[in-house]
Amino acid sequence: MIKTFQNRRTAVLYIVPALLFILLFVFLPIILNLYNSLFRWNSFDAERTFVGLEYYGRLFKDPVFFTALKNNSLYAIASLVFQVGAGLIIAAILEDKLIRKFQPFFRTVFFLPSVISIAVVGLVWQLLYNPEVGLVNGVLKAIGQEEWARSWLGDSDVAIYAVVAVSQWQYTGYMVMLFLIAMQKIPNEYYEAAMIDGASKIKTFFHVTVPQIKEMILVGSVITVIGAFKVFDEVYVMTSGGPGRSTEVLGTMLYRSAFRNDEMGYASTIGTIVFVITLTLSLIQMKLGKSGQEV
Amino acid sequence: MTIKNSPIVQSNHVIEIRPSGQKNSTKIKDRIFQTVVLIWFSLFALVIIYPIIWLGLSGLKSNSDFFLNTWKLPEEWIWSNYQAAWDAGIGQFFFNSVFVTLVSVLVVLVLGSMAAYGLSRFQFKGQNLLLVLILSGLMLAPQVSLIPLYKLLQGLGLYNTYWAMILPYVAFQLPFSIFLMRSYFLSIPRELEESAIIDGCNSWKVYRHIIVPMGKPIITSCALLTGMNVWNEFMFALVFVEDSSLRTIPVGLMNLRSQLNTNFGIQLAGLAISALPMIIAYILFQKQFVRGLTAGSVKG
């Protein structure tokens, strides 16, 4: 090997600036967060009282915490069904030889919402859900289902579903795109062989497509579930956790505890929970990723 | 003759008919399949496109037009709504977003490509540890860092400045860019650099004159993805800045909503202005977008 590339000091010089950024603004805050969660403190008060694990005890008795966990889980399940499940089927159909010539158009359109800011999408959908001027009730009226019309974000029974639906609208096309790229790597012979055997489209899907892109499906599922536990923007923009606390997720609960109620210590415990959940899921993803490096 | 001939003719006829008959039935099936799928996908495309078009068009309506004719084209195309939204603050937010995005992207590209170069070309002890450390930055949820970063930025005297957004953005975008660039750099053949080094080039010259030019495709993808993530970021921008004059577009729009509570036309015009740059960038640079997104398979 070339000597130039074995000089450890030069190598480190190239890496250190980026590393410092990451250590200072990504890793240090995580450690600080764990520490912060052991104290009672306010944002504009230098004084801190050590409370140990008291806030963790309180968190596990807080009904809002369980609402938030439930809502994050709902997000995860809905995203698995729509983004991964439906996304997979849509991608497979777009790869079908009868549909393929339309693929560029559809995949471009389906993907489009995922480049728009979640906050913008949230604000737009808030208007679409508006009971007086919104398109959603307008469509229901037009198809003669007026009794379904309601204040979608103002009704605590349905608000969380309305919010979750927006994410599906925004990101299903993203997953379709990921699956399409994976599917395009499947050798054509597999499909030819399936055709010669007289396999139906559905059989080909389950016996050729799915096993061939198994890794991508697993990784996509984990990414989606992690994303479901990171949710903040759309909920904050559309409902801020309301009506009542019915649409609260971990992210908005953390924000409210910290910047509305000024209970920084309590908010930090929620941060720790988010950390533990996302870390666990990421470790699962890394394990899955190892079994198939080329994802 | 006719009697003798006819079965032959008939059998010929049958043989000819059978395969084409089968073909016909599969053809019909294919047609049905194609039609059903096209209807389904077109509906789905409509559900996706319509709100976006509705957004652009409603931004051109007067308030009464908006309330009375939700569905129709604007009665009068009020382009001044866009001007009004721009003047109501979007102009300032837009400038802030452009500045924050450009600086963040630039820093990410420079530091990221250097780190990726260091990690893909050099061989040294502790290399894997560094790589794992940097890449594990990929999986951390920004919420976890929110409160400590808020205090940290206050402590550094950066709270409520552009840097309160730029520095965390750079830190959170770097791992993904390094990940993408490193795997691309690994695929660049080494012969060129080897001969360059024999000719007396040092490692910096190799980086500047070989790696960066050859890595252009992935660097473009990284620029687009980082740019998109920073342009769209909401939570940090909401918490780390409090002056309305420093707000970026997503958070600024929230302010505008309460300010223009009843004027929907102007509000929608503002939303359209903020969504447009990303839509245009995506349509122009679709290939680069998709390359970056799929090379990483990570959601922004």
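Residues are numbered from 1 along each chain as its sequence is written, while chains are lettered from A and ligands numbered from 1 in the order in which they are written. In this predicted model local features need pLDDT of at least 70 and side-chain atom pairs count only at pLDDT 80 or more, whereas totals for chains, interfaces and linings use all residues.

Visitor: How many helices and strands are there in chain A?
Guide: Helices (H or I, at least four residues) and strands (E, at least two) are DSSP runs, numbered from the N terminus. The C-alpha trace of chain A spans about 75 × 75 × 30 Å along its principal axes. Chain A has 13 helices and two strands.

Visitor: How many of the 17 residues of helix 10 of chain A are buried?
Guide: A residue is buried if 20 or more other C-beta atoms, placed from the backbone, lie within 10 Å of its own. Across chain A, buried residues make up 44% of the 295 residues. Helix 10 of chain A is mostly covered, and its buried residues number 14.

Visitor: What is the relative direction of helix 3 and helix 11 of chain B?
Guide: Helix 3 (residues 80–121) and helix 11 (residues 249–259) of chain B pack with their axes 9 Å apart, at an angle of about 170°. Axes are lines fitted to C-alpha atoms, for helices over the stretch in contact, and angles run from 0 to 180 degrees between N-to-C directions. Angles over 145 degrees count as roughly antiparallel. Helix 3 and helix 11 of chain B are therefore roughly antiparallel.

Visitor: Which helix gives the largest share of the side of chain B that touches chain A?
Guide: Two residues are in contact if their C-beta atoms, placed from the backbone, lie within 7 Å. By this criterion, 77 residues of chain B are in contact with 71 residues of chain A. The largest share of that side of chain B, twelve residues, comes from helix 1 (residues 2–58) of chain B.

Visitor: Which residues touch the most other members of the largest nonpolar core?
Guide: A nonpolar core is a set of buried Ala, Val, Leu, Ile, Met, Phe, Trp, Tyr and Cys residues joined through C-beta atoms within 7 Å. Leaving aside neighbours within four places in sequence, Ala18(A) is in contact with residues including Leu111(B), Ala115(B) and Ile178(B). Of the 168 residues in the largest core, those touching the most other members are Ala18(A), Phe179(A) and Ala115(B).

Methods
Parallel < 35°, antiparallel > 145°, perpendicular 65-115°, else oblique. Buried ≥ 20, exposed ≤ 12 C-beta atoms within 10 Å, placed from the backbone.
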